[in-house]
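Visitor: I would like to go through this structure step by step. Please show me the sequence and the model.

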Amino acid sequence: MIGHLCTTVIDCPDPSELALFYEELLSLSRLEDGPEFVVIGSTSGKEVVAFQKVDDFRRPQWSVPDHPQQMHLDVMVADLDVAESQVLALGATLLDGSDKPIGYRVYADPVGHPFCLVTPQEEAEGI
């Protein structure tokens, strides 16, 4: 083994503001709070996401190579419809939807980073 995942770092224009969105989405708490770098995580320290200030930040665009994603997260949920209404209320934008209640849907966070809401594979195989 070379190593293990320690932290997911997300480039953004305002780390504190974007961290608020992900604190709600992932049920994590602020562990480190600075103007250039913010860290959120679980109390166990197993789940950690950091937000790094980038002065010349370019908003990513889904499936456009000239505007790379800069990161991507899959978020496991029990119910896509319920989770969708919650992330939209937080400021997410639906990028690639599906009317199926299981599988996945692609969204953008408030500054354009794509992420997916996904359901467990076992449920998806039962379609």
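Visitor: In which loop is the place of Ser27?
Guide: This is a predicted model, in which local features need pLDDT of at least 70, side-chain atom pairs count only at pLDDT 80 or more, and totals for chains, interfaces and linings use all residues. Residues are numbered from 1 along each chain as its sequence is written, and side-chain values use heavy atoms, with hydrogens and water left out. Helices (H or I, at least four residues) and strands (E, at least two) are DSSP runs, numbered from the N terminus. Ser27 sits in the loop between H1 and strand E2 (29-33).

Visitor: Is Ser27 buried or exposed?
Guide: Buried means under 20% relative accessible area, exposed over 50%, and partly exposed in between, with a 1.4 Å probe and protein chains only. Ser27 has a relative accessible area of 67%. Therefore Ser27 is exposed.

Visitor: What is the phi of Ser27?
Guide: Ser27 is not a glycine, yet its phi is positive. The value is about 55 degrees.

Visitor: Is Ser42 buried or exposed?
Guide: Ser42 lies in the loop between strand E3 (37-41) and E4. Contact means heavy atoms within 4.5 Å; not counting residues up to four places away in sequence, Ser42 touches Leu28, Leu31 and Glu47. Its relative accessible area is 14%, so Ser42 is buried.

Visitor: What is the order of the open sheet that has E1 and E2 as edge strands?
Guide: Two strands pair if DSSP finds at least two bridges between them. Strand E1 (8-12) and E2 each pair on one side only. Within the sheet, E3 and E4 pair in the antiparallel sense over five bridges, and Val39 stands opposite Ala50 in E4. The sheet has four strands with mixed pairing, in the order E1-E4-E3-E2.

Visitor: What is the order of the sheet that has E5 and E6 as edge strands?
Guide: Strands of a sheet pair through backbone hydrogen bonds, either parallel or antiparallel. Four bridges join strand E5 (residues 73-76) to E8 in parallel, while five bridges join strand E7 (residues 104-108) to E8 in the antiparallel sense. E6 and E7 are also antiparallel, over three bridges. This open sheet of four strands has mixed pairing and the order E5-E8-E7-E6.

Visitor: Which residue of E8 is the bridge partner of Tyr107?
Guide: Tyr107 has its partner in E8.

Visitor: Which residue in the hairpin of E7 and E8 takes a positive phi?
Guide: The hairpin has five residues between the strands. The phi in question is near 100 degrees, and the residue is Gly112.

Visitor: Is Pro110 buried, exposed or partly exposed?
Guide: Pro110 has its place in the loop between E7 and E8. Not counting residues up to four places away in sequence, Pro110 touches Leu18, Phe21, Arg59, Leu90 and Gly91. Its relative accessible area is 35%, so Pro110 is partly exposed.

Visitor: How far apart are the C-alpha atoms of Pro110 and Thr93?
Guide: Along the chain, Pro110 and Thr93 are 17 residues apart.

Visitor: How do the residues lining the largest pocket divide into nonpolar, polar and charged?
Guide: Ala, Val, Leu, Ile, Met, Phe, Trp, Tyr, Cys and Pro count as nonpolar, Asp, Glu, Lys and Arg as charged, and the others, Gly among them, as polar. The largest share of the lining, three residues, comes from E5. The lining divides into eight nonpolar, two polar and three charged residues.
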